[in-house]
Amino acid sequence: MKDGVSVIILTFNEEKHIQRCLESLLPCVNEIFIVDSFSTDKTIEICKSLGAQVYQNNWITYANQFQWGLDNCPIKTKWVMRMDADEFLTPELINEIKTKIPNIVNSISGIYIKRRVFFLGKWIKYGGYYPIKLLRIWRTGIGSIEQRWMDEHIKLSYGATQEFSHDLVDDNLNNLTWWIIKHNSYANREATDLLCQKYKLSNQDSISIDSKSERQDEKKRWYKDNLYNKLPLFLRVFLYFIFRFFIKLGFLDGLRGFIWHILQGFWYRFLVDAKIYQIELISKNTGLSITKVIEQEFGIKI
């Protein structure tokens, strides 16, 4: 394999974002692979014009689609990177990738990158939302994605990790209606994940979790599985919002931050619990299995 980085990006009708994303990647990566879910806008045209290799595959879940990309894209570089179409690299991170990747020692298998989340054009700095550290670059062949319905992380088969100093930016340009529709879909998937865990409906593929780990994803998953998910429905939503908005200083993000923390930190989590409550209620009243009700209500086959 040759030195350098190949990037995999999943797309579906991303003409608003994809050019910004690709132009930020071009200075520091060798190859860009697009795994598209049959877009009907100009996404594919834009990707090809900027030199990306485009593949198409029917969408099942994010995890399934990304693993398909890992298994089917002809990656020839030593490193693989995961990006979303609505993300882009800061100039500082571009330079860091260019200068550090060639000199990483063999014992390092993965690289964590900090993500800045923007909402309505504002950087959300508080409420525990910055920095979010994500495993985004790893050695080719040793990383796979968790096969979960929601909140999928990259798993490494071996090796240590390190953290880069600079950020990538997550700044979705779609309107609030789009955001709400998207998060309603996310809530279906997260409710399914939690019900699968509660009723042991499937063997969830997961990263190792440890409350003492230095890895942010492991630590957050531990607290979610061993604390948040064990609290009563709805009560946990209020406690989480209080923790995030007051204890983690989310109120310092201003009005747009207030909207974000209400929607993402309260409304979304409340919606997940309401969907769990509905599924269990229907199952109790009809005698149908949880699996059957999930398929009936969400269109998700476990």
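This is a predicted model: local features need pLDDT of at least 70, side-chain atom pairs count only at pLDDT 80 or more; totals for chains, interfaces and linings use all residues.
Residues are numbered from 1 along each chain as its sequence is written, and side-chain values rest on heavy atoms, with hydrogens and water left out.

The structure contains 22 aromatic pairs, where rings of Phe, Tyr and Trp (its six-membered ring) pair if their centres lie within 6.5 Å, planes under 30 degrees apart counting as stacked, over 60 as edge-to-face and the rest as tilted. In the pair of W179 and W260, the ring centres are 6.0 Å apart and the planes stand at 65°, so the arrangement is edge-to-face. Because W179 belongs to helix α5 (residues 176-199) and W260 to helix α8, this pair ties together parts that are 81 residues apart in sequence; helices here are DSSP runs (H or I, at least four residues) numbered from the N terminus. W179 is buried at 9% relative accessibility, as is W260 at 5%, where buried means under 20% relative accessible area, exposed over 50% and partly exposed in between (1.4 Å probe, protein chains only).

F234 and Y277 also form an edge-to-face pair, with 6.2 Å from centre to centre and 65° between the planes. This pair links distant parts of the chain, 43 residues apart, with F234 in the loop between α6 (216-226) and α7 and Y277 in helix α8. F234 is partly exposed, with a relative accessible area of 23%, and Y277 is likewise partly exposed, at 44%. Both residues belong to one aromatic cluster, whose members also include F238, F246, F251 and F270.

A nonpolar patch on the surface is formed by Y126, F238, I242, F243, F246, I247, L249, F251, L252 and F270, which together have about 930 Å² of accessible area (Shrake-Rupley method, 1.4 Å probe). Such patches comprise residues with over 30% relative accessible area and no salt bridge, nonpolar side chains being joined within 5 Å; a salt bridge is a side-chain nitrogen of Lys or Arg within 4 Å of a carboxyl oxygen of Asp or Glu. Helix α7 (residues 235-247) gives the most to this patch, with five residues, whereas F270 lies in helix α8 (residues 254-286) and is partly exposed at 33% relative accessibility.

Two arginines lie over ring faces (CZ of Arg within 6 Å of the ring centre and within 35 degrees of the ring normal): R82 over F66, at 5.6 Å from the ring centre, and R116 over W123, at 4.6 Å.

Definitions and conventions: Patches are made of residues with over 30% relative accessible area and no salt bridge: like charges are joined within 9 Å, nonpolar side chains (Val, Leu, Ile, Met, Phe, Trp, Tyr) within 5 Å. Helices (H or I, at least four residues) and strands (E, at least two) are DSSP runs, numbered from the N terminus.
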